[in-house]
Amino acid sequence: MKFMKLGSRPDTFYTSEAVRSISSEVSSDLIIQVKGTRYLLHKFPLLSKCLRLQRLCSESPESSQHQIVQLPDFPGGIDAFELCAKFCYGITITLSAYNIVAARCAAEYLQMTEDVEKGNLIYKIEVFFNSCILHGWRDSIVTLQSTKAFPLWSEDLGITSRCIEAIASKVLTHPSKVSLSHSYSRRGRDDISCNGAESQRHKASTKGWWAEDMAELGIDLYWRTMIAIKSGGKIPSNLVGEALKIYASRWLPNISRNGRINNHEASDSDSDSATEVTSKHRLLLESIISLLPAEKGSVSCSFLLKLLKAANILNASSSSKMELARRVALQLEEATVSDLLIPCLSYTSDTLYDVDIVMTILEQFKLQGQSPPTSPPRSKLGFERRRSRSAENINFELQESRRSSSASHGSKLKVAKLVDGYLQEIAKDVNLPLSKFITIAESVPEFSRLDHDDLYRAIDIYLKAHPDLNKCERKRLCRILDCKKLSMEACMHAARNELLPLRVVVQVLFFEQARATMAGGKMTELPSNIKALLAGHGIDPSRPPPPLSTTSTIPGDDQWSIPGLKSPKSKLSTLRMKLAEDDELDENDLHPDGMGRTSKFKAFCALPARPKKMFSKLLSINRSSSEKN
């Protein structure tokens, strides 16, 4: 780092009985009091260079031997004053990035200008500052840091703004043209990020060489410097995002999974209270959020969710949380289940995790409208233009549009998998309301779940953690489950699951029978209880249904909704209707005296108490049928 020496005389200052003096054959005639320290000095060398001391001496009465001058608000304290006094005596002083701000403020306070004497201290400091300090990277960083002790003086003298401009210009310049002097990025030590992960300081990329050094700045100076860098428009958004991640790792507290804050640098002094520390961290967090680049993917979704977790714990503003939720929704497919497990610290909720913020994220995800049309829009003008294009251009446009649509569809599939995994984690919470569980489960489109195995596991976990659910609540919970999308293993587990409503068990058994029928090519004999159910409604169970095609799909209107079954043509659709009617029977089948039930409900009650036996019977029927074939 650069430095400058001024003066040639040796240092002859000494301390005697708590008084600082200078060795001289001439007796002192001036006493200067600086923040509790007394100096015995001489008028001639000081007043010849300091206009303020000239004015103060002329205004104060002169005693018989010494004239006393009080400087209670001297910037930089006794160190800065002594540096200026030594300059006046011609004693050698050394200026560097570490003390140049204090020296400049002290010289300004004493008015050591060119009007008083040519080649005065202010002039020499400004020459060194502009020609050396601002030209060095490390010197500029250290100098900017030191302005924190003199914020008002540094602003008035333009030191802060000039340092910020110098740093920003160097960031926008190729590193080979910058005098680095010394870089924190070469220290090779690791820091702990806000979630406990290590940040690899020694792996700083060449393009982001500046991020580690700038992370040492306080948040107010860092924010202003980053604004200057971003306004240059030359730094890619991903590098800005990486720099913000490094800064957050350096200054945000470690946050454990249970929401506790582990502060390695909790406060600048022991007198700081926990509330003050939290306020500092909150201001720091909200400043980082305001600096996030607008471009999607500039920071990882994991980092955004860590910021959201910190915002939740530090009680950041609602606007900051909403902005993070919106940003997370843009790249939600990149998240993991552990990222979404944000501790709930609200006094109004007893849940273990903050599911409300996740629900907000999912709402934002649905509002993104990520799916573009799979083909270009048609219009007369567009048709005329396409006629003049080549066939290759048309094919390229279609392929690009389909690729974009496919990527959007793929993101929704990933989010559905993520939501089901998240449901399995929060389902263990005994305080989680059923309504919120169902809302989260229904927040993803139906087509995005290729199978319902993970959703079934989440429902099973919720039922075990909430054994007090009544029959109506269990039915409401299981209504989000599509038995057609359960695998063989899930069906076998569901058939033995005594926590599931009987309606769901019947659905599972029936669709397992339909699956076996599709695989075998013809209809095997239905169980006697299902036969009775169909015969009770005028359906001949012995009449085989039309063969099920492996290429056909069930229309969207026929997804367990009663309006979609206006004209049932198979046992499958009929049973769907009757099972749906059973929901109404549960509420309406009791007579006023509460004694009787309809024959339709008795058909359901005739099912064995343990579905395991029925499932075994179905398997044996399928096995005997296949052996005959």
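Entry 1. In this predicted model, I checked the span of helix 20, residues 453–465. Its 13 residues reach 18 Å from the first C-alpha to the last, close to the 18 Å expected at 1.5 Å a residue. I then listed the buried residues of helix 20: Asp453, Asp454, Leu455, Tyr456, Ala458, Ile459, Asp460, Tyr462 and Leu463.

Entry 2. I turned to helix 2 (residues 51–59), where I found Arg52, Leu53 and Cys57 buried. Viewed down the axis of helix 2, the buried residues fall within an arc of 130 degrees, so they line one face of the helix. On the face turned away from that buried side I noted the exposed residues Ser58 and Glu59. I recorded strand 4 (30–34), helix 1 (43–47), strand 6 (67–70) and helix 4 (100–110) as the elements against which the buried residues of helix 2 pack.

Entry 3. I traced an open sheet of five strands, ordered 2-3-5-4-6, with mixed pairing. Strand 2 (13–16) and strand 6 are at the edges with a single partner strand each, so one side of each has no neighbour in the sheet. I noted an average twist of 25 degrees from one strand to the next.

Entry 4. I looked up the pairing of strand 3 (residues 19–22) with strand 5 (residues 37–41), and found it parallel, over three bridges. Valine 19 has arginine 38 of strand 5 as its bridge partner.

Entry 5. I examined the helices packed on the sheet. Helix 2 touches strand 4 and strand 6, and its direction makes about 120 degrees with that of strand 6. Helix 3 (residues 77–89) touches strand 2, strand 3, strand 4 and strand 5, and its direction makes about 5 degrees with that of strand 5.

Note on methods. Residues numbered from 1 in each chain as written. Predicted model: local features only at pLDDT ≥ 70, side-chain atom pairs only at ≥ 80, totals over all residues. Heavy atoms only, no water. Helix = DSSP H or I, 4+ residues; strand = E, 2+ residues; numbered from the N terminus. Expected span 1.5 Å × (residues − 1). Buried < 20%, exposed > 50% of the residue type's maximum accessible area, 1.4 Å probe, protein only. Arc of directions from axis to C-beta. Contact = heavy atoms within 4.5 Å. Pairing = 2+ DSSP bridges. Axes fitted to C-alpha atoms, helices over the stretch in contact; angles between N-to-C directions.
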